[in-house]
Amino acid sequence: MAKTTEKSTLAAEFSDLTGFQRDALAILARDGPAYGLAIKRALEDVYEQEVNHGQLYPNLNTLVEAGYVEKSQRDKRTNEYKLADAGYELLEQHQIWLTACLDGE
């Protein structure tokens, strides 16, 4: 029973994120640790339009505060972002749910 509750909680947490935040998590899962500008460029490739700093960094900070992303200092001017275990688990549970939906379960 606890597992069902845990999955329900993860589903609720995933649905609380914006599409932009979900995509940022997916980029970090795909590409591994990255600095903000690399994440910005990867998202621009997906969206085929410019992503501004005012959109990117507040969303990354929200993901850090939620515990889905870890932030560290790469050098004096650059932060690096890494998918945290909680972020990976959130994406993994969503993938399981999507697969079940596509399989008609």
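Strands β2 and β3 run antiparallel and are joined by 5 bridges. They belong to a predicted model, in which local features need pLDDT of at least 70, side-chain atom pairs count only at pLDDT 80 or more, and totals for chains, interfaces and linings use all residues. Residues are numbered from 1 along each chain as its sequence is written, and side-chain values use heavy atoms, with hydrogens and water left out. The protein chain has 5 helices and 3 strands, where helices (H or I, at least four residues) and strands (E, at least two) are DSSP runs numbered from the N terminus.

**The chain overall**

- Going from the N terminus, the elements come in the order α-α-β-α-α-β-β-α.
- Of the 105 residues in the protein chain, 30% are buried; buried means under 20% relative accessible area, exposed means over 50%, and partly exposed is in between (1.4 Å probe, protein chains only).
- Take the contacts between residues at least 6 apart in sequence: 49% of them join residues at least 24 apart. A contact here means heavy atoms within 4.5 Å.

**The sheet**

- The 3 strands make an open sheet in the order β1-β3-β2, with antiparallel pairing; two strands pair if DSSP finds at least two bridges between them.
- β1 (34-35) and β2 (69-73) are the edge strands, each pairing on one side only.
- β1 runs antiparallel to β3 (residues 79-83), and 2 bridges join them.
- β2 and β3 form a hairpin, with 5 residues between them.
- Across from Q73 you'll find N79 in β3.
- Helix α2 lies across β1, β2 and β3, and runs at about 90 degrees to β3. For angles like this, axes are lines fitted to C-alpha atoms (for helices, over the stretch in contact), and the angles run from 0 to 180 degrees between N-to-C directions.

**α2 against α3**

- The axes of α2 and α3 come within 10 Å and cross at roughly 115 degrees.
- That makes the two helices, α2 and α3, roughly perpendicular; the cut-offs are under 35 degrees for roughly parallel, over 145 for roughly antiparallel, 65 to 115 for roughly perpendicular, and oblique for the rest.
- The α2/α3 crossing is right-handed, where right-handed means the near helix is turned clockwise from the far one by less than a right angle, and left-handed means anticlockwise.
- From α2, the residues G19, F20, D23, A24, I27, L28, R30 and D31 meet I39, A42, L43, V46 and Y47 of α3.
- Sorted by class, the α2/α3 contact has 9 nonpolar, 1 polar and 3 charged residues. Ala, Val, Leu, Ile, Met, Phe, Trp, Tyr, Cys and Pro count as nonpolar, Asp, Glu, Lys and Arg as charged, and the others, Gly among them, as polar.

**α2 against α4**

- The axes of α2 (residues 19-31) and α4 (residues 53-66) come within 10 Å and cross at roughly 75 degrees.
- α2 and α4 are therefore roughly perpendicular to each other.
- On the α2 side, F20, Q21, A24 and L25 make the contact, and on the α4 side it's Q55, L56, N59, L60, T62 and L63.
- This contact of α2 with α4 has 6 nonpolar and 4 polar residues, and no charged ones.
- Q21 sits in helix α2 and is buried, at a relative accessible area of 7%.
- Leaving out residues up to four places away in sequence, Q21 touches N59, T62 and L63.

**α3 against α4**

- α3 and α4 pack at about 115 degrees, with their axes 11 Å apart.
- So α3 and α4 are roughly perpendicular to each other as well.
- The crossing of α3 and α4 is right-handed.
- G36, L37, I39, K40 and L43 of α3 make this contact with H53, L56, Y57 and L60 of α4.
- The residues in the α3/α4 contact split into 6 nonpolar, 2 polar and 1 charged.

**A backbone detail: E48**

- E48 is in the loop between α3 (36-47) and α4.
- Its phi is near 55 degrees, a positive value in a residue other than glycine.
- Most residues other than glycine have a negative phi.
- E48 counts as exposed because its relative accessibility is 73%.
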